[in-house]
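This report is meant for a reader meeting the structure for the first time. Please look over the sequence and the structure before reading on.

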Amino acid sequence: MGKITSKEIAKLAGVSTSAVSIVLNNKPGVSDETREHVLNILAKNGITPKGLNKSTGVIRFCKIVKHGEIINDKHNVFLSDYIDGIVEEAKSNECVVEFASYNTSDIVSIIPQLQQASNLIGLVILSTELSFEDVKILSNLDIPKVFLDAIYEFLPASFITMDNQGMVYE
């Protein structure tokens with residue numbers, strides 16, 4: 001990947017070059033939301049701002065929409081608390097969270113993108129629309145990962161999901 005300028009980062013982020021400078025120099029003066037957005041773009045371009053641990057890594061939240069019958073605008077509201085928690089925990093561990101949406105029924109096509117990502121230290125994979133086979137394929141990635149909003153008891157993977165049956169029973 002070639003060099004990228006602050007002006008190009010600012011354009012990608014939709015902010016001023018001074019906002020990019022503030023983030024690059026780890027100074028106050030921009031909102032947390034703007035800082036996270038600029039940090040995500042910087043991370044995608046292999047840039048680590050001053051004051052951040054050089055071992056800082058990227059955790060990618062992967063929203064995978066295979067058919068759109070479950071994941072829709074209403075589902076995004078449901079996910080906001082999960083996302084807030086992920087971002088807060090990542091900050092406390094000096095990591096950056098980036099968000100990626102994949103609209104594909106071909107899970108195998110995502111694998112090269114994930115394997116080639118620089119500084120990627122973990123994945124949170126929204127698995128609502130994923131089948132057993134999809135999760136099995138993604139489980140083979142050599143990147144730490146957790147599958148959110150699904151569970152397949154006979155796969156050796158980490159899952160986070162709600163106990164819907166238990167909540168209905170209660």
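Helices and strands are here the runs assigned by DSSP, a helix having at least four residues and a strand at least two, and they are numbered from the N terminus. The model is predicted.

## The sheet

Five strands make up an open sheet, in which the order is β2-β1-β3-β4-β5 and the pairing is parallel. At its edges stand β2 and β5 (159-160), each of which pairs on one side only.

Within this sheet, strand β3, made of residues 120-126, and strand β4, made of residues 145-148, pair in the parallel sense over 4 bridges. Leu-123 is found opposite Lys-145, a residue of β4. Helix α6 (residues 132-139) packs on the sheet, where β1, β3, β4 and β5 are touched by it, and its direction makes about 165° with that of β4.

Glu-94 belongs to the loop that links α4 (73-92) with β2 (96-103). Although Glu-94 and Val-58 are 36 residues apart along the chain, their C-alpha atoms are separated by 9.4 Å.

## Helix α3 and its crossing with α1

Helix α3, residues 32-44, lies across β1 (58-65) and β2, and runs at about 75° to β2. Helix α3 also meets helix α1 (residues 6-13), the two axes coming within 10 Å and crossing at roughly 125°. The two helices, α1 and α3, are therefore oblique to each other, and α1 passes α3 in a right-handed crossing.

On the side of α1, the contact is made by Ile-9, Leu-12 and Ala-13, while α3 brings His-37, Val-38, Ile-41 and Leu-42.

## Helix α1 against α2

Helix α1 has a further contact, with helix α2 (residues 17-24), where the axes come within 8 Å and cross at roughly 105°. Since angles of 65 to 115 degrees count as roughly perpendicular, this description applies to α1 and α2.

Here α1 contributes Ser-6, Lys-7, Ile-9 and Ala-10, and α2 contributes Thr-17, Val-20 and Leu-24. The residues of the contact of α1 with α2 divide into 4 nonpolar, 2 polar and 1 charged. Ile-9 of α1 takes part in the contact with α3 and also in the contact with α2.

Methods
Residues numbered from 1 in each chain as written. Predicted model: local features only at pLDDT ≥ 70, side-chain atom pairs only at ≥ 80, totals over all residues. Heavy atoms only, no water. Pairing = 2+ DSSP bridges. Contact = heavy atoms within 4.5 Å. Axes fitted to C-alpha atoms, helices over the stretch in contact; angles between N-to-C directions. Parallel < 35°, antiparallel > 145°, perpendicular 65-115°, else oblique. Left-handed = near helix turned anticlockwise from the far one by under 90°. Nonpolar A, V, L, I, M, F, W, Y, C, P; charged D, E, K, R; others polar.
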